[in-house]
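Welcome, and please have your viewer ready. This is a short tour of one fold, written for someone who likes cut-offs stated openly.

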Amino acid sequence: AASLRLLTIDPEQEAIDLAGINIEEWWVETQAMIRSGLQRDVELTARWPENLANLRIGKAALTQVVFNLVQNAGDALRGRQGGRVFVTAEPDDEGRVTLSVADNGPGMTEEVRRRCMEASFTTKTRDVSTGLGLALVASIVRRAGGSVYVESDVDRGAVFKIVLQPA
């Protein structure tokens, strides 16, 4: 219930926690709710090094970003055997943390990859998607001082990389 509440908080109104978010504690609190965005037959794995720097982003904002990316990965994997979603985090040499959400789905064409974070752009039918999810992800991450990148090729899955500042 507490993790669901994180999806209802407006990330625009949420103050960035200056102490930062400990990803391990956050994952324990939100993992089951994030998992609920996937079909039962899709495997969800999370991995990061111990003692990773706290992330400079609000807890609700991080939850909304990761939930949205995991749910999109699940949508891409629908009807495919052996679907997997990986959530990982790695520090870089400048103290930032790259949080990645990757899948082994069908991937994206170059045009879809280039446009996927535009507001109202969607490859899904309108009764399934508004096309606002990835635009919201990009907006939330930018407000936290971070950036979003996507890597994908047809038949090679997709990786969304969120680069965040340490607290």
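**Ground rules**

This is a predicted model, in which local features need pLDDT of at least 70 and side-chain atom pairs count only at pLDDT 80 or more, while totals for chains, interfaces and linings use all residues. Residues are numbered from 1 along each chain as its sequence is written, and side-chain values use heavy atoms, with hydrogens and water left out.

**Overall make-up**

The protein chain has five helices and five strands. These are DSSP runs numbered from the N terminus, with H or I of at least four residues for helices and E of at least two for strands. Read from the N terminus, the order of elements is α-α-β-α-β-β-α-α-β-β. Of the 167 residues in the protein chain, 43% are buried; buried means under 20% relative accessible area, exposed over 50%, and partly exposed in between, with a 1.4 Å probe and protein chains only. Among contacts (heavy atoms within 4.5 Å) between residues at least 6 apart in sequence, 70% join residues at least 24 apart.

**The sheet**

The five strands form an open sheet in the order S1-S2-S3-S5-S4, with mixed pairing. Strand S1 (43–47) and S4 are the edge strands, each with a single partner strand, so one side of each has no neighbour in the sheet. On average, neighbouring strands are turned by 15° against each other, direction ignored. Two strands pair here if DSSP finds at least two bridges between them.

| Strand pair | Sense | Bridges | A bridged pair |
|---|---|---|---|
| S1 and S2 | parallel | five | Thr45 and Phe86 |
| S2 and S3 | antiparallel | seven | Glu90 and Thr98 |
| S3 and S5 | antiparallel | seven | Val101 and Phe160 |

Strand S2 (residues 84–91) and S3 form a hairpin with five residues between them, and Gly95 in its turn has a positive phi of about 90°. Strand S3 (residues 97–103) has six of its seven residues buried, so it is largely enclosed by the rest of the structure.

For the angles below, axes are lines fitted to C-alpha atoms, for helices over the stretch in contact, and angles run from 0 to 180 degrees between N-to-C directions. Helix H2 packs on the sheet and touches S1, S2 and S3, its direction making about 175° with that of S1. Helix H5 lies across S4 and S5 and runs at about 25° to S5.

Which residues of H5 are buried? They are Leu134, Ala135, Val137, Ala138, Ile140 and Val141. Their cover includes H3, S4 and S5. After H5 comes Gly145, with a positive phi near 85°.

**Helix against helix**

Two packed helices are described by the angle between their axes and the distance between the axes. Helix H3 (residues 59–77) and helix H5 (residues 133–143) pack at about 150°, with axes 10 Å apart. That makes H3 roughly antiparallel to H5, since angles over 145 degrees count as roughly antiparallel, under 35 as roughly parallel, 65 to 115 as roughly perpendicular and the rest as oblique. H3 passes H5 in a left-handed crossing, where left-handed means that the near helix is turned anticlockwise from the far one by less than a right angle, and right-handed means clockwise. On the H3 side the contact is made by Ala61, Gln64, Val65, Asn68, Leu69 and Asn72, and on the H5 side by Gly133, Leu134, Val137, Ile140 and Val141. These residues divide into seven nonpolar, four polar and no charged. Here Ala, Val, Leu, Ile, Met, Phe, Trp, Tyr, Cys and Pro count as nonpolar, Asp, Glu, Lys and Arg as charged, and the others, Gly among them, as polar.

Helix H2 (residues 23–35) also meets H3: their axes come within 11 Å and cross at roughly 40°. That makes H2 oblique to H3, and the crossing is right-handed. Trp26, Glu29, Thr30, Met33 and Ile34 of H2 meet Lys59, Leu62, Thr63, Val66, Phe67 and Val70 of H3. By class, this contact has seven nonpolar, two polar and two charged residues.

**A loop to finish**

Is Arg156 buried or exposed? Arg156 is exposed, with a relative accessible area of 70%, and lies in the loop between strand S4 (147–152) and S5. Not counting residues up to four places away in sequence, Arg156 touches Asp103, Gly105 and Pro106. Arg156 and Gly105 are 51 residues apart in sequence and 6.8 Å apart in space, C-alpha to C-alpha.
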